[in-house]
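Here is a briefing on one protein model.

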Amino acid sequence: MTAAQADLQIDRPRVADGAALWRIARDSKVLDLNSSYSYLLWCRDFAATSAVARDERGEPVGFVTGYVRPDRPDTLLVWQVAVDQAYRGRKLAAALLDGLAARTVSECGLTTLETTISPDNTASQRLFTSFAERHGARLEREVLFDTDLFPDGPHEPEVLYRIGPLPAAAH
């Protein structure tokens, strides 16, 4: 954790955090915004595979949501990563991702991390590429969902990033 992150705490989300996560996602202007209800459910049902960064008042200022893939119980799929505008530039997304990976590797025995990134999202490409480099893990990319699969287009393809194997101590 850097000095710029020292006043922040990373832990599991709580149901009461759902509204803040929805707001952070909405204000990011780059994420596909899910319903506010889905963020409440996410904080309840997937807290073990998600992380939230809290400021000195305990308010959420960033998050990573993820879940264990049902057909690949060794794989964490990272769904969304977002940081409040006021907290960007502190490498908070990387700290959240590192913290979540360390926790899920330790608690769930996960060995692989996956996410999807659209070709125009260079910030996420850098985040996950540098994550793989920091952890000495292989990074594979392939188109998972092509443009024509999205019924509400236009939508860029979603490229699957598969990172692994993760070291037993992922931080």
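Does Glu-114 count as buried or exposed? Glu-114 counts as buried, at 2% relative accessibility. Here buried means under 20% relative accessible area, exposed over 50%, and partly exposed in between (1.4 Å probe, protein chains only).

This is a predicted model: local features need pLDDT of at least 70, side-chain atom pairs count only at pLDDT 80 or more, and totals for chains, interfaces and linings use all residues. Residues are numbered from 1 along each chain as its sequence is written, and side-chain values use heavy atoms, with hydrogens and water left out.

**Nonpolar cores**

- A nonpolar core is a set of buried Ala, Val, Leu, Ile, Met, Phe, Trp, Tyr and Cys residues joined through side-chain atoms within 4.5 Å.
- The largest such core has 30 residues, and the members touching the most others are Val-78, Leu-92, Leu-97, Leu-113, Phe-128 and Ile-163.
- Two or more residues each come from β2 (51–54), β3 (60–69), β4 (72–83), α3 (92–108), β5 (112–117), α4 (122–134) and β7 (158–164).
- Helix α3 gives the largest share, 8 residues.
- Helices (H or I, at least four residues) and strands (E, at least two) are DSSP runs, numbered from the N terminus.
- Leu-113 is in contact (heavy atoms within 4.5 Å) with Leu-76, Val-78, Leu-97, Phe-128, Phe-131, Tyr-161, Arg-162, Ile-163 and Leu-166, leaving aside neighbours within four places in sequence.
- A second, separate core has 8 residues, including Leu-21, Ile-24, Ala-25 and Tyr-39.

**Salt bridges**

- Side chains of opposite charge can pair when their charged atoms come close.
- The whole structure holds 18 salt bridges, each a side-chain nitrogen of Lys or Arg within 4 Å of a carboxyl oxygen of Asp or Glu.
- Glu-114 bridges to Arg-69, with the closest N and O atoms 2.9 Å apart.
- That pair links distant parts of the chain: Glu-114 sits in strand β5 and Arg-69 in strand β3, 45 residues apart.
- Arg-69 also counts as buried, at 19% relative accessibility.
- Arg-134 and Asp-98 meet in another salt bridge (2.9 Å, N to O).
- Arg-134 lies in helix α4 and Asp-98 in helix α3, so this pair ties together parts 36 residues apart in sequence.
- Arg-134 is partly exposed at 39%, whereas Asp-98 is buried at 17%.
- Arg-162 pairs with Glu-142 (3.6 Å, N to O).
- Here strand β7 holds Arg-162 and strand β6 (residues 138–145) holds Glu-142, 20 residues apart.
- Glu-142 is partly exposed, at 42% relative accessibility.
- A network of salt bridges links Arg-69, Asp-71, Arg-72, Glu-114, Arg-138, Glu-140, Glu-142 and Arg-162.

**Surface patch**

- Leu-144, Phe-145 and Leu-149 form a nonpolar patch on the surface, with about 280 Å² of accessible area together.
- Patches are made of residues with over 30% relative accessible area and no salt bridge; like charges are joined within 9 Å, nonpolar side chains (Val, Leu, Ile, Met, Phe, Trp, Tyr) within 5 Å.
- Accessible areas come from the Shrake-Rupley method with a 1.4 Å probe; for residues, only the protein chains shown count as cover.
- Leu-144 belongs to strand β6 and is partly exposed, at 36%.

**Loop residue Asp-17**

- Asp-17 lies in the loop between β1 (9–11) and α1 (18–28).
- Asp-17 is buried, with a relative accessible area of 4%.
- Its side chain makes a polar contact with the side chain of Arg-54 (2.6 Å).
- A polar contact is a pair of N or O atoms within 3.5 Å; within protein, one must be able to donate a hydrogen and the other to accept it, and residues adjacent in sequence count only if both atoms are side-chain atoms.
- Leaving aside neighbours within four places in sequence, Asp-17 is in contact with Arg-12, Cys-43, Val-52, Arg-54 and Pro-60.
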